[in-house]
Amino acid sequence: MTSTLDQAIDQIQHRGTLSRMMSHQIFWVFAAAVLACLALTLMTDTFATERNLFNVSRNFAFVAIIAIGMTAVIASGGIDLSVGSVVVLSAMVISTMMESGNSFWLSAICALLVALAVGAINGTLIAYAGMPAFVVTLGMLSAARSAAMVLSNNKMIWEFGPDHDLLLWIGGGSTLGLPHPLYALIALTLVTGFVFRWTRWGQYLFAIGGNEQAATLTGIPVKRLKVTIYMFSAFTAGIAGILMAGWLGSVTTNLGQAMELTVIAAAVIGGANLAGGEGTATGAVVGALLIEVIRNSLILLGISTFWQGMFIGTFIVVAVGFDRVRHMRN
Amino acid sequence: MSRLSLKGITKSFGAIHALENVSLDIAAGEVLGLMGDNGAGKSTLVKVIAGNFRPTRGEMRMDDRPVEFHRPVDAQRAGIEVVYQDLALCDNLTAASNVFLGREATRRVGPIKVIDYAEMHRTSAGLFRQLKSETRPRDLVRKMSGGQRQAVAIARTLLSKPKIVLMDEPTAAISVRQVAEVLDLIRRLRDQGISVVLISHRMPDVFAVADKIAVLRRGSLVTAKPAAHSSPEEVTGLITGAIEAA
Ligand SMILES: Nc1ncnc2c1ncn2[C@@H]1O[C@H](COP(=O)(O)OP(=O)(O)O)[C@@H](O)[C@H]1O
Ligand SMILES: [Mg+2]
């Protein structure tokens with residue numbers, strides 16, 4: 001590990017820590033989120049309560065988990081509109097299976113396998129049939145939610161069989177004061193951050209997003225890789241679906257509706273470049289955090305939540321505009 | 001003994017004869033300037049050598065042993081590397097990552113293979129030094145000048161210690177100063193005993209570096225001789241057909 005330390009030192013000397021940090025979009029987004037938190041702490045006596053912070057950290061974890069998967073897709077030059085529907089499909093698979101008496105673990109594995117299969121179908125149509133990602137995943141958005149309806153007969157499920165309490169504990173419980181979805185998020189962020197930087201899979205993902213033709217010419221298995229990227233995205237949505245089922249204690253077929261928009265917003269605000277080639281796991285988390293803080297602050301300040309979309313929309317445009325300016329300067 | 005020897009290479013696409021009975025030899029450390037009008041078959045010849053196309057007829061020998069390439073990796077394994085016209089670089093990655101793209105250096109950490117950036121930086125710094133280029137391994141390609149980008153594309157070919165480097169119009173879309181840099185890079189390759197096939201439309205470039213000139217006209221080779229025995233006027237005549245053959 002000495003080499004990485006040398007590298008880090010070298011890089012700092014190369015550019016200067018502060019200017020390096022300030023050239024990163026994450027830095028500014030994080031600063032905005034921190035500022036908003038500070039302002040809320042001073043302006044309200046409801047924000048900095050344990051209860052509220054617990055809720056904020058749990059709520060944002062679901063979006064952040066999927067935003068990490070979305071970042072992989074966006075950084076490879078694609079898009080995945082089907083994540084919200086994969087959330088409900090995964091939640092429906094686990095809840096119907098548990099309702100009919102299966103154990104949590106078996107049901108969870110099946111839910112994740114179904115999510116992976118959805119990702120594999122997306123990826124195969126995009127990579128091998130050469131169809132646009134937007135169209136394929138838009139179709140899947142519709143198809144996967146419909147499958148969830150068929151599966152549950154469009155009924156609400158709130159009885160989860162013998163492992164009922166385990167599911168509720170995993171999705172809705174906490175350990176050492178931190179909600180469980182946050183642990184899942186932290187683990188996923190660390191693993192993905194590592195994979196993006198230190199593995200061939202990560203390197204190839206960014207190469208494909210940067211110049212797909214060059215990636216193909218250098219012998220990178222571009223098609224196979226794309227399939228795995230969409231599978232990864234669906235996998236994160238599957239995880240979120242399981243956790244959300246446990247958190248809510250009931251599953252209905254409108255779970256995760258329109259979630260893809262929030263997730264894409266989080267990824268883009270966190271620095272994922274819709275043109276491909278850029279994005280980080282931490283960025284996705286910070287983007288999701290900012291969105292949740294905004295949402296929470298509107299509620300606490302007594303502003304109609306109808307304004308939420310306006311704020312998030314503005315942030316997306318500002319984030320992308322910021323990126324443009326940065327690229328123009330180069 | 002020639003490094004690469006083509007005998008009677010013919011390549012047809014249906015009714016189009018892109019190459020007809022082309023026989024050509026390249027020695028080790030020789031720079032071959034390949035010229036011809038648009039559609040003369042230059043790119044097709046390069047693609048046959050690089051394993052992108054199988055020739056319809058004819059044979060290829062390297063160092064006096066017959067070779068057959070079914071896929072580009074076969075040619076790569078035999079020591080043939082290509083610099084593509086648009087350079088095929090990823091702007092969002094560093095110089096070192098581009099040099100190693102598709103064949104990253106890795107090391108084992110427990111059960112997983114991680115990319116060995118230290119090794120990649122060290123090796124590519126060595127390659128850039130060898131090319132006397134000021135390109136830095138950690139810099140993003142996006143921020144580089146045209147000349148540095150060329151150096152990255154050429155350093156990539158050097159990674160596997162190639163015997164032959166094929167360059168299809170590397171100087172087509174760059175400034176005069178950058179052209180001079182590329183010509184310098186080509187001389188460095190030659191000095192290391194690497195054979196270079198340079199396709200270019202620019203007569204002065206070709207005569208500045210080529211040891212040997214070959215001209216294709218409508219798929220047939222109309223000349224292949226030492227540059228010193230030819231002249232830009234003769235080559236122009238051969239390309240247009242004003243001179244039948246030389
Ligand atoms: N893949 C292909 N399929 C059909 N015809 C081709 C193909 N590649 C090249 N040709 C034809 O072969 C001839 C030679 O082309 P090319 O080698 O690209 O010429 P140059 O590089 O000298 O301009 C042209 O008539 C071109 O149309
Ligand atoms: Mg050509």
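User: Hi! Which residues of H10(A) are buried?

Analyst: Hello! They are A:Gly202, A:Gln203, A:Tyr204, A:Leu205, A:Phe206, A:Ala207, A:Ile208 and A:Gly209. Keep in mind that this is a predicted model.

User: Let's move to the ligand. Which residues are around ligand 1?

Analyst: The residues around ligand 1 belong to chain B: B:Phe13, B:Ile16, B:Ala18, B:Asp37, B:Asn38, B:Gly39, B:Ala40, B:Gly41, B:Lys42, B:Ser43, B:Thr44 and B:Phe53.

User: Which element gives the most to the shell around ligand 1?

Analyst: That is H1(B), which supplies three residues. Helix H1 covers residues 42–49 of chain B, and strand E2 (16–26) of that chain also gives at least two residues to the shell.

User: Where does an oxygen atom of ligand 1 meet a polar side-chain atom?

Analyst: One place is B:Ser43, where a polar side-chain atom lies 2.8 Å from an oxygen atom of the ligand. The backbone takes part too: a polar backbone atom of B:Gly41 is 3.0 Å from a ligand oxygen, and a backbone N or O atom of B:Ala40 lies 3.3 Å from an oxygen of ligand 1.

User: How much of ligand 1 does the protein cover?

Analyst: The protein covers 62% of the 560 Å² of accessible area that ligand 1 has on its own.

User: Why is the pair of B:Phe13 and B:Phe53 called edge-to-face?

Analyst: Because the planes of the two rings are at 75°, with the ring centres 5.2 Å apart; the cut-off for edge-to-face is over 60 degrees. B:Phe13 sits in strand E1 (residues 4–13) and B:Phe53 in the loop between H1 and strand E4 (57–62) of chain B, so the pair ties together parts that are 40 residues apart in sequence. Both B:Phe13 and B:Phe53 are also among the residues around ligand 1.

User: How accessible are B:Phe13 and B:Phe53?

Analyst: B:Phe13 is partly exposed at 35% relative accessible area, and B:Phe53 is partly exposed at 24%.

User: What about the backbone: where does A:Asn153 lie, and what is its phi?

Analyst: A:Asn153 is in the loop between helix H7 (133–152) and helix H8 (164–172) of chain A. Its phi is positive, about 60°, although A:Asn153 is not a glycine. Most residues other than glycine have a negative phi. A:Asn153 is exposed, with a relative accessible area of 58%.

User: And what is phi for A:Ala258?

Analyst: A:Ala258 has a positive phi near 65°. It lies in the loop between helix H12 (222–248) and helix H13 (259–269) of chain A, and at 42% relative accessibility A:Ala258 is partly exposed.

User: Last one: how many disulfides does the structure hold?

Analyst: Zero, over all chains. As for cysteines, A:Cys37 is partly exposed at 23% relative accessibility, and A:Cys110 is partly exposed with a relative accessible area of 23%.

Methods: Residues numbered from 1 in each chain as written. Chains lettered and ligands numbered in written order. Predicted model: local features only at pLDDT ≥ 70, side-chain atom pairs only at ≥ 80, totals over all residues. Heavy atoms only, no water. Near = heavy atom within 4 Å. Polar contact = N/O pair within 3.5 Å; in protein donor to acceptor, adjacent residues only side chain to side chain. Areas by Shrake-Rupley, 256 points an atom, 1.4 Å probe, with all protein chains shown as cover. Helix = DSSP H or I, 4+ residues; strand = E, 2+ residues; numbered from the N terminus. Disulfide = S-S within 2.5 Å. Buried < 20%, exposed > 50% of the residue type's maximum accessible area, 1.4 Å probe, protein only. Phe/Tyr/Trp six-rings, centres within 6.5 Å; stacked < 30°, edge-to-face > 60°.
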